[in-house]
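Q: I'm new to reading protein structures. Could you pick one part of this one, take a close look at how the strands pair there, and then show me how the surroundings are put together, explaining the terms as you go?

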Amino acid sequence: MATASKPHDTWEFPRVKSVAGPPKGAAGTTYYGAYFYPFTPPGVDPVFAVIGGRETIIARPNAKTGLEIIAYFHDDLVFQSESLCSAAWTRCPTTGDPLLAVGGAAGIIKILNIKTGKVVQTLTGHGDEIMEILLSPIDQTLLASASADSTVRIWSIDPAHSRQPCALVCAGEGHKETILSIAFHSSGRYLLSGGMDHIVNLWVLPDLPAPSTGSDNPITLHYPHFSTSMVHSNYIDCLFFHGDYILSKAAKESRIVLWAIDGFTSRADPPTAAEAPTTHEWCETRSAWGGGFERMCQFEITYTDPFFMRFSLFTRPGCHPMLAMGSTVGRVNLWDLCRTEVAARLPRIGGDLATSVSPAGDSGADSAATLSGLAQGLKISEGKKDVLGDPYGVTKPHHHLDIPKVKTTIRHIAFSQGGEYMVMVGEGSMICICKRW
């Protein structure tokens with residue numbers, strides 16, 4: 001079904017269109033993730049995947065029924081406690097068929113060909129649960145995975161590397177406990193990781209695939225180029241890059257923090273591997289850029305104490321960036337980050353952040369002007385003021401969205417590529433589809 005295009009400066013908060021749950025009398029499954037297929041052509045209603053327990057569901061919005069199930073997979077692995085908790089889309093390098101990489105408690109990654117319904121590859125090497133899987137933003141053959149074995153691995157699904165697909169391992173002195181979340185920078189050169197040790201690391205990645213990819217000697221990174229335990233004091237379970245800024249949250253802290261690494265800019269050449277600070281002298285914050293970090297602002301997220309509840313960030317050139325976070329009571333908190341960024345006059349607004357709200361191809365100065373123009377048209381949350389200028393103050397949500405008859409935990413939120421749809425999943429087999437335009 002085609003969707004009408006909207007002007008770049010159009011902004012509306014999502015509205016609930018349909019809610020699906022378990023059959024009457026059934027307890028249902030906890031769904032931990034929803035993921036839109038990133039290669040859907042513009043103007044076509046998008047396809048998304050939902051995972052949890054042993055289930056993988058492929059679906060799309062439907063104007064009449066609300067939700068249309070396209071395919072259903074049940075994991076048949078002989079592992080009694082298997083529970084899928086993350087997935088990532090890509091495409092077959094040779095046929096272009098849609099592929100979905102799924103992983104969870106079993107510690108392996110299965111790659112499903114959605115067109116044929118078959119498992120086409122299995123990635124083994126992690127020694128514990130898979131906590132998150134991501135597709136590289138610059139190479140559809142590269143996947144990153146975070147594990148409870150305290151490592152991050154990057155895999156190549158190129159058939160040329162099928163004998164040994166692991167291309168790189170981030171290990172050594174990075175994390176000592178479960179890694180819960182990872183995030184790629186849009187350049188593909190930097191990777192964030194955070195976990196149960198309360199540490200956020202930034203790894204500088206070499207060019208991949210490398211000559212060693214496909215062999216028994218993958219690249220090993222022993223030290224991150226930035227590491228801190230000062231941003232959060234609990235399990236770090238969600239991370240995103242927003243331009244060169246970082247958004248992160250931890251369990252029981254009731255806030256999402258927007259912060260920046262001092263001296264870091266993706267416009268400069270990355271530091272070399274030899275410049276990564278070692279751990280020979282203990283320090284709460286170590287940085288190859290010679291400084292610490294700066295808190296910018298915080299966003300209030302009430303009823304979010306359990307860990308492994310993840311927020312979502314929507315960014316697209318020409319559209320207002322939007323931050324969304326669920327809760328344990330069936331409510332979603334939403335922020336229009338265009339409003340916050342303009343009001344705060346963040347120092348990187350003319351460069352790293354402006355690309356998320358300006359038409360492709362704008363210069364930095366034009367982007368800043370476009371951003372200011374968009375901000376003048378905002379008509380949301382009148383009478384409410386964002387807490388800006390105080391890095392420890394909290395900005396309340398610009399909008400609340402309550403799911404009818406749902407009072408349970410929302411575990412994950414996903415936006416379609418164009419921002420028309422938002423899908424929320426959580427406990428009791430809950431799948432909620434929202435639409436903006």
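A: Happy to! The protein chain has two helices and 31 strands, where helices (H or I, at least four residues) and strands (E, at least two) are DSSP runs numbered from the N terminus. Residues are numbered from 1 along each chain as its sequence is written, and side-chain values use heavy atoms, with hydrogens and water left out. This is a predicted model, so local features need pLDDT of at least 70 and side-chain atom pairs count only at pLDDT 80 or more, while totals for chains, interfaces and linings use all residues.

Let's start with the whole chain. Of its 437 residues, 57% are buried; buried means under 20% relative accessible area, exposed means over 50%, and partly exposed is in between (1.4 Å probe, protein chains only). Among the contacts with a separation of 6 or more, 60% join residues 24 or more positions apart, a contact being heavy atoms within 4.5 Å.

Now for the close look. Four strands make an open sheet in the order S24-S25-S26-S28, with antiparallel pairing. Two strands count as paired if DSSP finds at least two bridges between them. At the edges are strand S24 (312-314) and strand S28 (399-402), each of which pairs on one side only. Direction ignored, neighbouring strands of this sheet are turned by 20 degrees against each other on average. For such angles, axes are lines fitted to C-alpha atoms (for helices over the stretch in contact), and angles run from 0 to 180 degrees between N-to-C directions.

S24 pairs with strand S25 (residues 322-325) in the antiparallel sense over three bridges, and Phe314 stands opposite Met322 in S25. S25 is then joined to S26 by four bridges, again antiparallel, with Leu323 facing Trp335 in S26. S25 and S26 form a hairpin with five residues between the strands, in which Gly330 takes a positive phi near 75 degrees. Strand S26 (residues 331-336) is mostly covered, with five of its six residues buried.

Another covered strand is worth a visit. In strand S16 (residues 200-204), five of the five residues are buried. Both faces are covered: Val200, Leu202 and Val204 lie on one side, Asn201 and Trp203 on the other. Strand S15 (residues 190-195) pairs with S16 in the antiparallel sense over five bridges, and Leu192 has Leu202 as its bridge partner. The hairpin of S15 and S16 has four residues between the strands, and there His198 takes a positive phi near 70 degrees. S16 also pairs with S18, antiparallel over three bridges, where Ser227 is the bridge partner of Asn201.

Rings of Phe, Tyr and Trp (its six-membered ring) pair if their centres lie within 6.5 Å; planes under 30 degrees apart count as stacked, over 60 as edge-to-face and the rest as tilted. By this rule there are 12 aromatic pairs. In one of them, the rings of Phe226 and Trp259 have centres 6.1 Å apart and planes at 40 degrees, so the pair is tilted. Phe226 sits in strand S18 (residues 226-228) and Trp259 in strand S21 (residues 255-261), so this pair links distant parts of the chain, 33 residues apart. Both Phe226 and Trp259 are buried.

Phe264 and Trp289 form an edge-to-face pair, 5.2 Å centre to centre with 90 degrees between the planes. Phe264 lies in the loop between S21 and strand S22 (285-287), and Trp289 in the loop between S22 and strand S23 (293-300), so the pair ties together parts 25 residues apart in sequence. Phe264 is buried, with a relative accessible area of 3%.

Lastly, Tyr37, Phe39 and Trp89 form one aromatic cluster. The charged end of Arg91 sits over the ring of Phe39, 4.0 Å from its centre; a charge sits over a ring if NZ of Lys or CZ of Arg is within 6 Å of the ring centre and within 35 degrees of the ring normal.
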